[in-house]
Amino acid sequence: MIDLSFSPWEMFLNAGPVVRCVMTLLAVASLLTWTIFIAKSVELFRTRMALTKAEKTLETAGTLDLGEQGTRENCIAHTLVMAAETERQRSHDIPDDHDGLKERIVLHLERLEAAEGRKL
């Protein structure tokens with residue numbers, strides 16, 4: 001009687017060339033998938049930590065100018081603060097339109113947030 005070994009390595013060695021090729025491709029695809037998963041997880045973790053720090057900075061800042069100074073190292077937070085400041089400057093000739101200004105800023109920030117989400 002022939003002694004058959006069912007270890008993964010023995011099965012790979014005893015397989016035909018097509019099966020070996022498929023198994024190798026699957027192993028490479030798995031390795032690539034896990035690499036991308038880990039890299040994206042690290043990227044999202046770093047982004048979350050940076051945004052948490054920027055959020056705390058913005059909560060303590062009394063003005064947009066102080067918020068802009070405190071978020072310079074965080075790209076997206078700085079972009080959001082600068083967008084709000086730009087919208088405020090564009091609307092300086094409408095002194096009593098505080099609700100409209102808030103709505104325009106919110107709309108602009110929502111667009112930037114959606115674009116950043118797509119990028120991530």
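The entries below cover salt bridges, then pockets.

Entry 1, ground rules. I am working on a predicted model, where local features need pLDDT of at least 70 and side-chain atom pairs count only at pLDDT 80 or more, while totals for chains, interfaces and linings use all residues. Residues are numbered from 1 along each chain as its sequence is written, and side-chain values use heavy atoms, with hydrogens and water left out.

I took a salt bridge as a side-chain nitrogen of Lys or Arg within 4 Å of a carboxyl oxygen of Asp or Glu. The count by this rule is 5. I looked up Glu87 and found a salt bridge to Arg90, 3.9 Å from N to O. Both residues sit in helix 4 (residues 75-90), 3 residues apart, about one turn of the helix. Helices here are DSSP runs of H or I with at least four residues, numbered from the N terminus.

I used relative accessible area with a 1.4 Å probe on protein chains only: buried is under 20%, exposed over 50%, partly exposed in between. Glu87 is buried at 10%, Arg104 is partly exposed at 29%, and Arg90 is exposed at 56%.

Glu116 forms a salt bridge with Lys119, the closest N and O atoms being 3.6 Å apart. The two lie 3 residues apart in helix 5, about one turn. Lys119 is exposed at 60%.

A pocket is an open set of points on a 1 Å grid over the protein atoms alone, where a 1.4 Å probe fits, with protein on both sides within 12 Å along at least five of seven lines; lining residues have an atom within 4 Å of a point. The largest pocket has a volume of about 360 Å³. Its lining has 18 residues, with Leu51, Leu58, Ile76, Ala77 and Leu80 nearest the centre. Helix 5 gives the most to this lining, 6 residues.

Entry 7, the second largest pocket. I recorded a volume of about 210 Å³ for it. Of its 13 lining residues, Asn74, Cys75, Ile76, Glu116 and Lys119 are the closest to its centre.

Methods: Points joined across faces, edges and corners; volume = space filled by probe spheres on them.
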